[in-house]
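User: I'm new to this one. Could you show me how to read a helix and a ligand site?

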Amino acid sequence: MPLAAAIVKYAALHREIFGEYEYSLLPQPSEANLQRIAKPFLQFLVDEGLREIEAVVLIMQTAQGYGFLETVPAYYALSWLTPKLLESFLKAALPVGNELDDQHGFQVSVIMLLRNGFLHLWDRMVEVEQLGGQIQYGVHVHAIRRRGIGTGTSSMSSAVEISLRREQPQEAGPSPVKAAAADGREPEEFFSLYPSPAEVKDKEKSLGDFGETIACDYLFVAAPFDVVLPLLGDGATPDETEYINALRPMTLVASLFTSTSVMERPIESMVEGSKLTGEGRLYSARHTRRVNDPSLPPPADGREPYVGHQLYNGRMAPADAKAAQATMVKDLAAYGYQDVQVGKYCAFNTYLPHLDVEGVCVHKYPWKLLANQGQNHTVWIGSSACYESVLDVVNYNNLLLDREHIKLVD
Ligand SMILES: Cc1cc2nc3c(=O)[nH]c(=O)nc-3n(C[C@H](O)[C@H](O)[C@H](O)COP(=O)(O)OP(=O)(O)OC[C@H]3O[C@@H](n4cnc5c(N)ncnc54)[C@H](O)[C@@H]3O)c2cc1C
């Protein structure tokens with residue numbers, strides 16, 4: 001079957017299983033369809049006669065850090081690889097252009113890149129909406145208590161209490177870096193490499209000086225859930241604990257490096273064809289200058305800036321980062337990058353917190369969590385609740401707001 005036909009078949013199958021839906025969270029399918037997707041994605045493609053799209057989804061799924069096709073549950077690939085996304089890929093490859101929009105309702109531009117970087121968008125939102133005064137930066141949470149659960153007694157005057165320590169005096173500000181510069185102190189580094197959940201509480205304790213407790217009506221958890229779980233102590237409900245313990249984070253490494261080699265393609269994807277792939281291998285390298293503006297002249301010092309990506313199952317421990325970097329440098333040499341110098345090497349080790357096949361298809365955790373949102377004065381949001389993308393995180397928030405899924409119970 002040609003690739004185009006396979007994509008059309010995939011899109012039809014997706015719509016058959018999940019129907020049309022708003023927001024990004026896949027609606028809970030029928031029992032029969034849950035069984036149909038209860039497997040890793042590659043197996044799903046094989047069983048459904050869709051192996052032809054493997055090369056395309058390798059780039060769209062694995063090269064984005066969204067798991068290895070052999071192991072990632074089909075649910076997560078089906079979440080990301082929507083009919084619209086694949087149809088837009090197909091349309092971009094066809095010579096007939098926009099006429100397809102009219103004929104078939106295909107949508108083309110689903111991918112965009114922010115020239116000034118992603119953080120700039122949020123800094124601007126804070127500025128334009130004048131939110132600075134409502135955001136508290138540089139806060140380390142030590143413990144969270146909720147009324148009537150665990151150590152949170154039923155006589156607590158507020159529904160939620162949070163013990164915390166501030167890196168610096170409370171201050172409205174566009175970013176912790178700028179705020180710290182204003183009072184002459186450097187902010188503590190907010191680690192990309194999270195300590196393991198067991199170490200989180202010890203680390204916070206060891207920092208000491210938790211003089212402050214704030215009282216709140218509700219708790220919205222937007223940090224990785226397994227990082228927050230130890231802060232709840234014995235105050236997590238069995239349902240919350242079960243969901244969070246079922247999450248399996250991965251590690252995405254994003255590294256800045258320079259090389260004297262000038263690669264022509266804006267993004268070199270190493271997951272295609274016979275190139276080396278698998279856990280920890282360099283699977284894409286982005287040529288920053290070409291992505292930002294291909295007409296920019298080469299840097300004066302002749303060192304081209306790149307961003308490299310590697311993906312690991314599970315949480316990378318700090319001790320493993322050195323070996324991971326060595327693998328990247330070796331792979332870069334194999335791909336012809338010369339005179340490589342690695343700058344920042346950032347391992348995001350709470351990346352793609354996801355459930356296994358059983359967690360999705362037997363326990364149905366994603367939909368259970370949704371149904372329980374707002375209970376115990378708590379709303380669980382962010383990528384641990386849905387999927388590791390800005391679109392998914394924002395859409396999940398909108399789903400909760402628009403559909404009144406949050407039942408805030410006093
Ligand atoms: C290298 C990289 C590239 C990516 N590229 C894209 C992309 O191109 N497109 C896309 O859509 N998505 C991309 N993503 C994914 C996207 O960034 C995430 O899905 C999204 O940011 C998740 O949002 P969130 O609010 O759940 O968590 P985050 O944005 O991670 O926010 C969690 C916040 O909680 C804070 N926090 C953690 N622990 C504590 C604590 N104990 N106390 C106080 N605060 C705490 C953290 O400092 C952080 O600010 C990328 C991710 C990475 C790592």
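Predicted model: local features only at pLDDT ≥ 70, side-chain atom pairs only at ≥ 80, totals over all residues.

User: Which residues of helix 1 are buried?

Analyst: Here's the general idea first. An α-helix makes a turn every 3.6 residues, so residues three or four places apart point the same way. In this structure, Ala6, Ile7 and Tyr10 are the buried residues of helix 1. Looking down the axis of helix 1, you'd find them within an arc of 100 degrees, so they line one face of the helix. What they pack against is helix 6 (83-93). On the other side of helix 1, Ala4, Ala5, Ala12 and Glu16 are exposed.

User: What follows helix 1?

Analyst: That's Gly19, with a positive phi near 65 degrees.

User: Now the ligand. How many residues surround it?

Analyst: There are 18, and the closest are Ala223, Ala254, Gly382, Ser389 and Val390. Strand 1 (139-146), strand 5 (248-259), strand 9 (341-354) and helix 17 (390-402) are the elements that each give two or more residues to this shell. By kind, the shell has 13 nonpolar residues, 4 polar and 1 charged.

User: And where does the ligand lie relative to domain 2 and domain 3?

Analyst: See which domains supply the shell. Domain 2 (117-218) and domain 3 (248-354) both give residues to it, so the ligand lies between them.

Notes
Residues numbered from 1 in each chain as written. Near = placed C-beta within 6 Å. Helix = DSSP H or I, 4+ residues; strand = E, 2+ residues; numbered from the N terminus. Nonpolar A, V, L, I, M, F, W, Y, C, P; charged D, E, K, R; others polar. Domains from an automatic or database assignment. Buried ≥ 20, exposed ≤ 12 C-beta atoms within 10 Å, placed from the backbone. Arc of directions from axis to C-beta. Contact = placed C-beta atoms within 7 Å.
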